[in-house]
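Here is a short report on one protein chain. Look over the sequence and the model first, then read on.

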Amino acid sequence: HEISRFPAIRRDLAVVVEAGLPAREVLECARGAAGGLLVNLELFDQYYGKGIDSGRKSLALGLTFQDTSRTLNDEDVESAVGRVVAALEAKLGAQLRQ
């Protein structure tokens with residue numbers, strides 16, 4: 001796989017989901033919705049406690065986007081992030097953490 005000479009852009013999302021939902025399902029859903037510009041996806045935090053309703057948890061995801069032929073603009077990345085958020089909400093009942 002070709003190494004890009006164009007910069008990568010990272011966006012972090014925190015979503016609140018049911019406590020029993022495996023993080024793997026959240027990652028798979030996000031990966032499927034992000035599209036071809038996603039080059040890395042990682043779960044970097046899982047939180048239960050103050051500010052999160054009982055029976056729910058917060059998962060923090062790091063999404064890195066990059067293209068091999070051009071520099072991405074904010075519109076490219078925001079569109080992909082929007083698809084991820086919409087898919088997580090629709091398929092898993094996730095809510096974007098405020």
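**Burial cut-off**

A residue counts as buried when its relative accessible area is under 20%. The model discussed here is predicted. Of the 98 residues in the protein chain, 40% count as buried.

**Overall layout**

The protein chain holds 2 helices and 4 strands. Read from the N terminus, the order is β-α-β-β-α-β. The C-alpha trace spans about 45 × 25 × 20 Å along its principal axes.

Contacts can be sorted by sequence separation. Among those with a separation of 6 or more, 73% join residues 24 or more positions apart.

**The nonpolar core**

The largest nonpolar core has 27 residues. Which of them touch the most other members? They are Val26, Leu61, Leu63, Phe65, Val84 and Leu88. Five elements are to be named as giving two or more residues to this core: strand S1 (9–18), helix H1 (23–34), strand S2 (38–47), strand S3 (56–65) and helix H2 (74–92).

H1 and H2 pack at an angle of about 135°. Their axes are 8 Å apart. Angles over 145 degrees would count as roughly antiparallel, and 65 to 115 as roughly perpendicular. H1 and H2 are therefore oblique to each other. Their crossing is right-handed.

Which residues meet at this crossing? From H1 come Glu25, Val26, Cys29, Ala30, Ala33 and Ala34. From H2 come Ala80, Arg83, Val84, Ala87, Leu88, Lys91 and Leu92.

**Asp67 in its loop**

Asp67 lies in the loop between S3 and H2. Is Asp67 buried or exposed? Its relative accessibility is 15%, so Asp67 counts as buried.

What surrounds Asp67? Setting aside residues up to four places away in sequence, Asp67 touches Ser4, Phe6, Leu37 and Leu72. A polar atom of the Asp67 side chain lies 3.2 Å from the backbone nitrogen of Ser69.

Conventions. Residues numbered from 1 in each chain as written. Predicted model: local features only at pLDDT ≥ 70, side-chain atom pairs only at ≥ 80, totals over all residues. Heavy atoms only, no water. Core = buried A, V, L, I, M, F, W, Y, C linked by side-chain atoms within 4.5 Å. Buried < 20%, exposed > 50% of the residue type's maximum accessible area, 1.4 Å probe, protein only. Polar contact = N/O pair within 3.5 Å; in protein donor to acceptor, adjacent residues only side chain to side chain. Contact = heavy atoms within 4.5 Å. Axes fitted to C-alpha atoms, helices over the stretch in contact; angles between N-to-C directions. Parallel < 35°, antiparallel > 145°, perpendicular 65-115°, else oblique. Left-handed = near helix turned anticlockwise from the far one by under 90°.
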